[in-house]
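Hello,

Here is the structure I promised to pass on to you. Please have a look at it first, and then read on for my notes.

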Amino acid sequence: MKRLGIAWALTMGLAAAMPAGEAGAQQPSILVQSTTSTANSGLYEYLLPIFTQATGIKVNVVAVGTGQAIRNARNCDGDVLLVHARPAEEQFVADGYGVARFDLMYNDYVIVGPDDDPAAIAGGTDAAKALAAIAASKAGFASRGDDSGTHQKELELWRRAGIDPTTGSGDWYRATGSGMGATLNIGIGMGAYVLTDRATWASFRNKGDFRIMVEGDRALFNQYGVTLVSADRCPNVRIAAGQRFVDWLVSDAGQQAIAAFRVDGEQLFFPNARDGSM
Amino acid sequence: MQDLADAVRMALSLAMSGDAGFIEIVLLSLRVSLSATAIACLIGLPLGALIAIGRFAGRGPLIVIVNALMGLPPVVVGLVVYLNFSRAGPLGWLGLLYTPTAMIVAQTILVAPIVIALSRQVLEDLHAEYDEQFRSLNVPRGTAVWALIGDGRHALMTVALAGFGRAVAEVGAVIIVGGNIDHLTRVMTTAIALETSKGDLALALALGMVLLAVALAVNALVMGLRASARRSAYV
């Protein structure tokens, strides 16, 4: 019994002695609620060390779908919101949760599909027309189905096409309710077309025989915005540090850093904070 | 199949590399899950013992409920802990969301029913043997509880290991309350989920193998201690 007690004490001591996760707490830090598309591409791993070096502020990122990121921020669980669904972001500010929203950067969505292209949409530049072709041929389509920015864009495209895809739900239309990467894995697994942001696609490692089928439609424009959470609603917001992060992102230094980020030589995010509106 | 071969190679080189970020993730996994298991045992063993030897109204339904709670879905536990620890929640003022502490709390809630339910069964069986003796010697209940836990320690170690297995393998709760933040709350399972979502299946699988190896090492350590404790008991 005694020995076991010693073993137990050792285990506990070991657990307690392990590097404390909160050890970095002395350093000022902020929490950013953001999207999987920016995190999965590796943008933050490139961008954040540059900011931290310049300011000494550590940035922690929670990467979830845009819908969930906004909900988390509404619960005051974050200092800065960096997502891509402009109407929802503007609502967030209008409801008093955000100080102001700034355009930050953009890229575009693409529709990817299997090489044999059962809906014959390859090379197209009209996203709504491509979706209509997918629906007509009942070729599979894997949707995020999770209220993310990408999902909201997809629903907008279906509306443009005048189609209600939910009538085919469970049949050719598969709402995964998952993140971008998980949805790509599922789509590729069953040969279903997927709407994805270009950054996630470019850095995705499990492409199989999938390739980009439709791109270049203005409707596929993907704008990212950044918003400081309002201290009026959320007194716990680290307002000074959060403001510095937002200011830096839209400054020349931040915008140049975003432009310099490359995956396999390809630029994935195009800064446009200084363009006014799109 | 190519992925599997790649994964084995990657798992080995990861384990060998001593990469600081990787070791940080492994250590945080151990810290969170071992702490949760330890706290769950501190709470759960006495409770399991009390239910085992107690005779009170509603004991039967209580046992059914505790047994059922072994199947608590991690995602639900994560959500409940999130809602409580969120700034908008009742415990928001603690500022614990997205910290390892929140992850320990969530895993403790997951592990405690396992410890209570299994230790209850182990100790009840043991108690059936000892009951008469306790009665004839007029042993107080508190003493009886500790005597039972002491004598059942080997079986209870296995109970603790079952709890640890549950904790270290779950992803649903820690990804919600921890947020999978790099260098802060990223553990092995959330790292595996992240690499899967990046489509880097080989790396995800490699991390899974390392996780298995870590669990194996913890189990081997406990078994080794148990064996040496037994040897010393008979010397």
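Two residues are in contact here if their C-beta atoms, placed from the backbone, lie within 7 Å. By that rule, among contacts in chain A between residues at least 6 apart in sequence, 76% join residues at least 24 apart.

Before the rest, some housekeeping. This is a predicted model, in which local features need pLDDT of at least 70 and side-chain atom pairs count only at pLDDT 80 or more, while totals for chains, interfaces and linings use all residues. Residues are numbered from 1 along each chain as its sequence is written, and chains are lettered from A and ligands numbered from 1 in the order in which they are written.

Chain A

Helices (H or I, at least four residues) and strands (E, at least two) are DSSP runs, numbered from the N terminus. On that basis chain A has eleven helices and twelve strands. I call a residue buried if 20 or more other C-beta atoms lie within 10 Å of its own, exposed if 12 or fewer, and partly exposed in between, again with C-beta atoms placed from the backbone. Of the 278 residues in chain A, 47% are buried.

How confident is the predictor in chain A? On pLDDT, the predictor's confidence in each residue from 0 to 100, chain A has a mean of 90, and 90% of its residues reach 70 or more. Within chain A, strand S3 (residues 80–83) has the highest confidence, at 98, and H1(A) the lowest, at a mean of 50. Over residues 16–25 of chain A pLDDT stays under 50, and the model has 13 contacts beyond four places in sequence for this stretch. Where pLDDT is low, the predicted coordinates should not be read in detail.

Further along chain A, helix H10 (residues 239–250) and helix H11 (residues 252–260) pack with their axes 4 Å apart, at an angle of about 65°. Axes are lines fitted to C-alpha atoms, for helices over the stretch in contact, and angles run from 0 to 180 degrees between N-to-C directions. H10(A) brings A:Trp248, A:Leu249 and A:Val250 to this contact, where they meet A:Ala253, A:Gly254 and A:Gln255 of H11(A). By type, the residues of the H10(A)–H11(A) contact are four nonpolar, two polar and no charged. For these classes, Ala, Val, Leu, Ile, Met, Phe, Trp, Tyr, Cys and Pro count as nonpolar, Asp, Glu, Lys and Arg as charged, and the others, Gly among them, as polar.

Helix H11 of chain A also holds A:Ala260. This residue counts as exposed because it has 12 other C-beta atoms within 10 Å. The C-alpha atom of A:Ala260 is 9.3 Å from that of A:Tyr46, although 214 residues separate the two along the chain.

Chain B

Chain B has ten helices and zero strands. Its C-alpha trace spans about 65 × 50 × 30 Å along its principal axes. Of the 235 residues in chain B, 47% are buried. Among the contacts in chain B with a separation of 6 or more, 78% come from residues 24 or more positions apart.

How do helix H2 (residues 20–53) and helix H7 (residues 153–169) of chain B pack? Their axes are 9 Å apart and the angle is about 135°. H2(B) is therefore oblique to H7(B), given that angles under 35 degrees count as roughly parallel, over 145 as roughly antiparallel, 65 to 115 as roughly perpendicular and the rest as oblique. The residues in this contact include B:Ser29, B:Ala36 and B:Leu45 of H2(B) and B:Leu156, B:Gly163 and B:Phe164 of H7(B). Ten of the contact residues are nonpolar, four polar and no residue is charged.

Two loop residues of chain B may also interest you. Most residues other than glycine have a negative phi. B:Asn138, not a glycine, has a positive phi of about 55°; it lies in the loop between helix H5 (100–137) and helix H6 (141–151) of chain B. B:Asn138 counts as exposed because it has 6 C-beta neighbours inside 10 Å. B:His183, also not a glycine, has a positive phi of about 65° and sits in the loop between helix H8 (172–178) and helix H9 (188–197) of chain B. With 15 C-beta neighbours inside 10 Å, B:His183 is partly exposed.

Where the chains meet

The contact between the chains takes 31 residues from chain A and 30 residues from chain B. On the chain A side, helix H1 (2–17), helix H2 (36–40), strand S2 (58–64) and helix H8 (180–190) each supply at least two residues. H1(A) gives the most, with six residues. The chain A side divides into 15 nonpolar, twelve polar and four charged residues.

Best wishes
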